[in-house]
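Please look over the sequence and the structure shown here before reading the report.

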Amino acid sequence: EVEVQDEGSQLLALLVGAAAGETVADFCAGGGGKTLAMAAHMRNKGRLVAMDIDGGRLDRGSARYIKAGVTNVQRHEISAGSDSWLKRRKRSFDRVLVDAPCSGVGAWRRNPDARWLRRGPQLEELLPIQAQVLERAARLVRPGGRLVYSTCSLFPSENERQVLAFLDADREFKLDPPADFPVPLSDGFLRLTPARHRCGGL
C-alpha cells in the first residue's frame, strides 16, 4: 500500500536530513506523517522518537508505522509541565524537528472549510506557545546537531519572527541553511505556498 503525503511535508523531512543510524526527534509528531517520511530516510536504522503532548494523536501514528513496516520509531507523550524524560535526554539528539502548533492557514488548500471552522487557540495565544515549544525542543539537540522549526502557517509572526527571536535569545544556535536543496530558500528559510508550489503552505 502507498502512504499519500503532501509534497511540503516531504520537503520538510528532507530539510531535517535524518540519516540511517542517527538519533532523531519529531517533537510535535501528531499523527506521524513527517515521522514516517523521516523514517524512510533512516531506512529503519537508528532511533526516531515521535513526541507529542496528545497521546491520542501518537496512538494514531503508531498504526501508520506498523502498516508501513517502520520499526525504529519510539513514542513519548510529553508532559505539559516538567518532563523528567526530556531532561534526561538533554543534548542527545542529532536532529530535532519542531512542527509547532499554529493557526493552520497553510493547510486551507487541503481543508478550505477550516477558515470558518476555527478551533483551538487564537493567533495571539499561539505565539507564546510556539516560542515555548521551540525553546523546549532545542534543549534536546546535541552540539553540532540540527534543529528545524516549521508551521503550516504563512504568517511571518509564526515563522521567521519566531526563529529570529529564538536565535537572538540563544547564542548556541545559528541559522544554517543547506547549501544544496531542491527548492530555492529565501533568506535562509524554506517558504512554501499553495499558489507558487502547489502544496501545503509551510
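The report below goes from the overall fold to the nonpolar cores and then to the aromatic rings.

## Overall fold

This is a predicted model, and its protein chain has seven helices and five strands. Read along the sequence, these elements follow the pattern α-β-α-β-α-β-α-β-α-β-α-α.

The C-alpha trace spans about 45 × 40 × 40 Å along its principal axes. A compact globule of 202 residues would have a radius of gyration near 17 Å, and the protein chain, with 16 Å, agrees with this. Among contacts between residues at least 6 apart in sequence, 73% join residues at least 24 apart.

## Surface and nonpolar cores

Buried residues make up 45% of the 202 residues, while the protein chain exposes about 11200 Å², of which carbon and sulfur atoms supply 50%. In soluble globular proteins, nonpolar side chains tend to be buried together.

The largest nonpolar core has 27 residues, and those with the most contacts inside it are M38, L48 and L192. The elements that give two or more residues to this core are α1 (7-16), α2 (33-42), β2 (47-52) and α3 (55-68). A second, separate core has 25 residues, including C28, W85, L86 and F93. Returning to L192, and leaving aside residues up to four places away in sequence, its contacts include G8, L11, L154, V183 and H197.

## Aromatic rings

A pair of aromatic rings is described by the distance of the centres and the angle of the planes. A search of the whole structure finds one aromatic pair. This pair is formed by F166 and F173, whose rings are tilted, with 5.3 Å centre to centre and 55 degrees between the planes. Both F166 and F173 are buried.

Technical notes:
Residues numbered from 1 in each chain as written. Predicted model: local features only at pLDDT ≥ 70, side-chain atom pairs only at ≥ 80, totals over all residues. Heavy atoms only, no water. Core = buried A, V, L, I, M, F, W, Y, C linked by side-chain atoms within 4.5 Å. Buried < 20%, exposed > 50% of the residue type's maximum accessible area, 1.4 Å probe, protein only. Helix = DSSP H or I, 4+ residues; strand = E, 2+ residues; numbered from the N terminus. Contact = heavy atoms within 4.5 Å. Phe/Tyr/Trp six-rings, centres within 6.5 Å; stacked < 30°, edge-to-face > 60°. Rg over C-alpha atoms; globule rule 2.2 N^0.38 Å. Areas by Shrake-Rupley, 256 points an atom, 1.4 Å probe, with all protein chains shown as cover.
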